[in-house]
Amino acid sequence: MPLKTRITDLLGIAHPIVQGGMMWVGTAQMAAAVSNAGGLGIITALTCPTPDALRAEIACCRGLTDKPFGVNLTILPSLNPPPYAEYRRAIIESGVTIVETAGHNPGEHIDHFKAHGITILHKCTAVRHALSAERLGADVISIDGFECAGHPGEDDIPGLILIPAAADKVKVPLLASGGFGDGRGLVAALALGAEGINMGTRFCATVEAPIHEAVKRMLVEQDERATDLIFRSYRNTARVARNGVSQAVREAEGRGEPFESIAPLVKGARGAEGLARGDTQHGVITAGQVMGLIHDIPTCAALIARIVAEAEEIIAKRLVKFAPVTA
Ligand SMILES: Cc1cc2nc3c(=O)[nH]c(=O)nc-3n(C[C@H](O)[C@H](O)[C@H](O)COP(=O)(O)O)c2cc1C
C-alpha cells in the first residue's frame with residue numbers, strides 16, 4: 001500500500017514530502033527538483049528581489065516541471081518590510097495554485113489567496129496558531145517543532161509533543177516539520193498523527209540545492225549539536241548553524257545589545273553571499289538539528305525515493321510484527 005494520505009490527494013503529489021520555504025535556497029531549480037521527484041517543491045517569494053523577479057522565477061519553474069509546486073510567503077518582523085501585497089499579487093497573477101504562508105498575521109494574505117482558489121499550507125510553531133490559521137481557512141497546517149531550522153517560535157516544544165498535540169485539535173491535514181530527514185522520521189510523523197513531512201535542512205544537502213558545495217559538506221560534517229539559537233532576546237528566535245557570526249550574535253545579545261547593533265552582521269545579503277561563495281563563516285546559515293542525520297548529498301529524486309522506500313520497509317518489516325492478529 002503506497003504512502004497515500006490526504007496531503008498527497010490534496011496537493012496532487014506522489015509522496016507525502018514537502019520542501020518548505022527557504023530563503024536564498026528555494027529557487028525554481030530547487031522547487032522543480034523536488035516536484036519532479038514526486039514531492040512538493042516550493043519557491044521562496046522573498047528570495048526574489050522584486051515581485052517581477054518572482055513572476056519570472058515562477059515562469060522558470062513551469063519550464064522545469066509539469067508537476068505541482070508552490071510558493072512560500074514569509075511574514076516576519078523586519079526593519080524594512082518588503083512589499084508583501086505586491087508579492088502576493090505576483091503569486092496570484094502568475095496562476096500559482098499552492099501557497100505556503102509562514103510567520104505573523106497571515107489572515108489578510110490567506111483571504112486574498114483563498115478568494116483565488118489557492119490551496120494554503122500555513123506553517124506555524126504552536127497549536128494555538130495552527131487553530132487560528134485553520135479558522136482563517138488554511139487547508140493544511142505545517143507544524144514546526146523546536147528542532148527546526150529557522151524560526152521555532154518561543155515555546156520550545158519539540159515535535160514529539162507538538163505534532164500529536166496539534167493532531168488532537170486540528171482537523172485539516174497536518175504536515176510534521178522540523179527534524180525530518182529520513183524514512184524513520186516519515187513513519188514517526190505518520191504515527192504521531194501527521195499526513196506527511198516538511199523538510200528544509202535535508203533538502204539543502206542535495207545536488208540540486210543552489211548553494212555552494214562547501215556549505216552542503218558542512219551540513220554533512222556537522223552533527224545534531226551544531227546549531228545556535230539567535231535573536232532570543234528580541235523574541236524572534238532563529239535556529240542556525242553554529243559559526244563565528246552566530247556566536248558573535250549570542251555574545252552581543254548576552255550583553256543586552258539592541259538588534260540594530262548586530263543588524264549589519266546578520267543581514268540577509270551577507271548570508272546569501274556566504275551560501276554562494278561557500279564561506280561558512282561569513283553570515284547566518286539557517287540549519288536545523290537534523291544535521292545529525294545528514295550523511296550524504298544525493299539528488300532530490302534519490303533522497304525522496306530512499307525516504308519512501310525506507311518508510312515502507314519499516315512499516316512492512318518492523319512494525320507489521322506488532323500488528324494485532326485478527327481472526
Ligand atoms: C536555509 C533555510 C532557509 C529557510 N528560510 C525560510 C523562509 O524564508 N521561510 C520559511 O517559512 N521557512 C524557512 N525555513 C524553514 C523551512 O521551511 C522548514 O520549516 C524547516 O527547515 C524545517 O526544519 P528542518 O530544517 O529540520 O527540516 C528555512 C530553512 C532553511 C534550512
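Two strands pair if DSSP finds at least two bridges between them. Strands are DSSP runs of E with at least two residues, helices are runs of H or I with at least four, and both are numbered from the N terminus. This is a predicted model, where local features need pLDDT of at least 70, side-chain atom pairs count only at pLDDT 80 or more, and totals for chains, interfaces and linings use all residues. Residues are numbered from 1 along each chain as its sequence is written, and side-chain values use heavy atoms, without hydrogens and water.

**The sheet**
- An open sheet is built from 8 strands, with parallel pairing.
- The strand order is β1-β8-β7-β6-β5-β4-β3-β2.
- β1 (17-19) and β2 (41-44) are the edge strands, each pairing on one side only.
- On average, neighbouring strands are turned by 30° against each other, direction ignored. Such angles run from 0 to 180 degrees between N-to-C directions, with axes fitted to C-alpha atoms, for helices over the stretch in contact.
- Helix α2 (residues 28-36) packs on the sheet and touches β1, β2 and β3 (69-75). Contact means heavy atoms within 4.5 Å.
- The direction of α2 makes about 170° with that of β2.

**Inside the sheet: β4 and β5**
- β4 (residues 98-103) and β5 (residues 119-124) pair in the parallel sense over 5 bridges.
- Ile 120 in β5 stands opposite Val 99.

**The ligand**
- Around the ligand are 22 residues (a heavy atom within 4 Å). Gly 21, Thr 74, Lys 123, Gly 179 and Thr 201 come nearest.
- A side-chain N or O atom of Thr 74 is 2.7 Å from a ligand nitrogen.
- A side-chain N or O atom of Lys 123 is 2.7 Å from a ligand oxygen.
- A polar backbone atom of Gly 179 also lies 2.7 Å from an oxygen atom of the ligand.
- The protein covers 92% of the 600 Å² of accessible area that the ligand has on its own (Shrake-Rupley method, 1.4 Å probe).
- β3 and β8 (197-199) are the elements that give two or more residues to the shell.

Conventions
Polar contact = N/O pair within 3.5 Å; in protein donor to acceptor, adjacent residues only side chain to side chain.
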